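This report describes how two chains meet in the structure shown here.

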Amino acid sequence: MKTMIIAFVAMFALAIGADLALEYAGYSTEERTSGDAVRLG
Amino acid sequence: MIRRILASAAVASTCVLLSVPNLADAQGMVAGERANTGGAQTLEDILARQRGEKIDDAFRKNALGDPDSAAALSNQLGTLGGTSDAEVFRALRYGEANVTVSAKGPATAVVIQDGGMRWLQLRSGALQEYGGNLLIIVLIALGMFYLLRGKIMVDGGLSGIKLIRFKAVERFGHWLLAGSFILLGLSGLITLFGRVAIIPVIGKDAFAPVALACKWIHNNLAWPFMIGLALVFVLWILENFPNRHDIKWILKGGGLFSPGVHPPARKFNAGQKIVFWAVIILGCSISASGLSLLFPFELPMFAKTFVILNDTGIPQLIGLGELPEELAPHEEMQYAHLWHAIVAFVFMAVILAHIYIGSVGMQGAFDAMSTGEVDRQWAKEHHGIWVEELDRKADAEAKSAPAE
């Protein structure tokens, strides 16, 4: 059961990591779709 | 009296006058002569579209007006320009309008996307209907199987001797894949059926955060899913190639339908191999379409796929005709979405059966993935050749070990 729980924790860690990495790389919706005149925080 | 006769005659003559051109128009439409409609669609066009036939809509596509032929400003109609509202909308529909938008992105200037309605109708109609029915049928079939066959028990009784069936890394890969698949499946179903099944119950305000959470889950758990898929592929591919024992296993129905029948199998039996290859093939397909949806402008796939398919001649052979080889980004996403959902429904149907047999359907099966150990008697009944291989390996190791 320990391995199963570790896998589930890793699953969420990978998901959060992917979300942050893609946002950092400029793949957020705001980044991809806002015009040049829009200043993003 | 005379006044009444004159009034009736006037009404009758008006009716005749009104009906004559209508009749002429109808005859012209039936004849399919577009000249009679002033260049607009004919009755035959409408009927053909209702029959689902593809019509040549060049007469509409090219009727976009001509600003250069606009009347001069000094003219009475000068401010109207050379393009009517209908012509402007046609230009927008066929992607010919000169659109300027403040948003950036490859497809932001597409204001009307012609194929969108067809996609929406499929998504809200056939996809939900057939996909939902498939899952319900599988659940009913599994329920009936459980009622008729009951839980498949270890016929010889548990021996109490444990064998290591899956190492920690194998279980890790399995649960990484399984956990993300379940959440992806649930979030996908909520997204697809939310409007018809959840909003009527909890309302739009309550559904909004649920939908947002589902979007985050679906977008981001795709990564652990793909990593888990790659991991189980590498770890188990060698043991999942078909062998001669699989035919015997299939002919005996895996012993699933009658107690006391235990066809021999190695580490994975034919049923597990079918699930493995289904997971790999469907998993790769759903990952590809999912990546295309995550990066629609960077990874369009369907136009390229259609080119390859057209070259094979298969679509033409089965009556689909020539598939479109040029697709707008929206169309790419619509095809990717439909394919993604169709594959997902088949995938979920397969995995429901896998979950059933690995949990409530068979005594001792869940232990293999929870602790990694299984009872020796369970292993002998379901993976007899694998147990013999383990025994031979243990004997060889015992013989080769130096005597103390």
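Helix α1 (residues 2–24) of chain A packs against α6(B) at an angle of about 50 degrees, with the axes 8 Å apart. Axes are lines fitted to C-alpha atoms, for helices over the stretch in contact, and angles run from 0 to 180 degrees between N-to-C directions. The two helices, α1(A) and α6(B), are therefore oblique to each other (angles under 35 degrees count as roughly parallel, over 145 as roughly antiparallel, 65 to 115 as roughly perpendicular and the rest as oblique).

The model is predicted: local features need pLDDT of at least 70 and side-chain atom pairs pLDDT 80 or more, while totals for chains, interfaces and linings use all residues. Residues are numbered from 1 along each chain as its sequence is written, and chains are lettered from A and ligands numbered from 1 in the order in which they are written.

Across the interface, 17 residues of chain B are in contact with 18 residues of chain A (C-beta atoms, placed from the backbone, within 7 Å). The largest share of the side of chain B that touches chain A, seven residues, comes from α6(B).

| Item | Value |
|---|---|
| α6(B), distance between end C-alpha atoms | 42 Å |
| α6(B), kink centred on Gly194(B) | about 90 degrees |
| Gly203(B), phi | positive, near 90 degrees |

With 35 residues, α6(B) falls short of the 51 Å that a straight helix would reach at 1.5 Å a residue.

Notes: Two residues are in contact if their C-beta atoms, placed from the backbone, lie within 7 Å. Helices (H or I, at least four residues) and strands (E, at least two) are DSSP runs, numbered from the N terminus. The expected span of a helix is 1.5 Å times one less than its number of residues. The bend at a residue is the angle between axes fitted to the seven residues ending there and the seven starting there.
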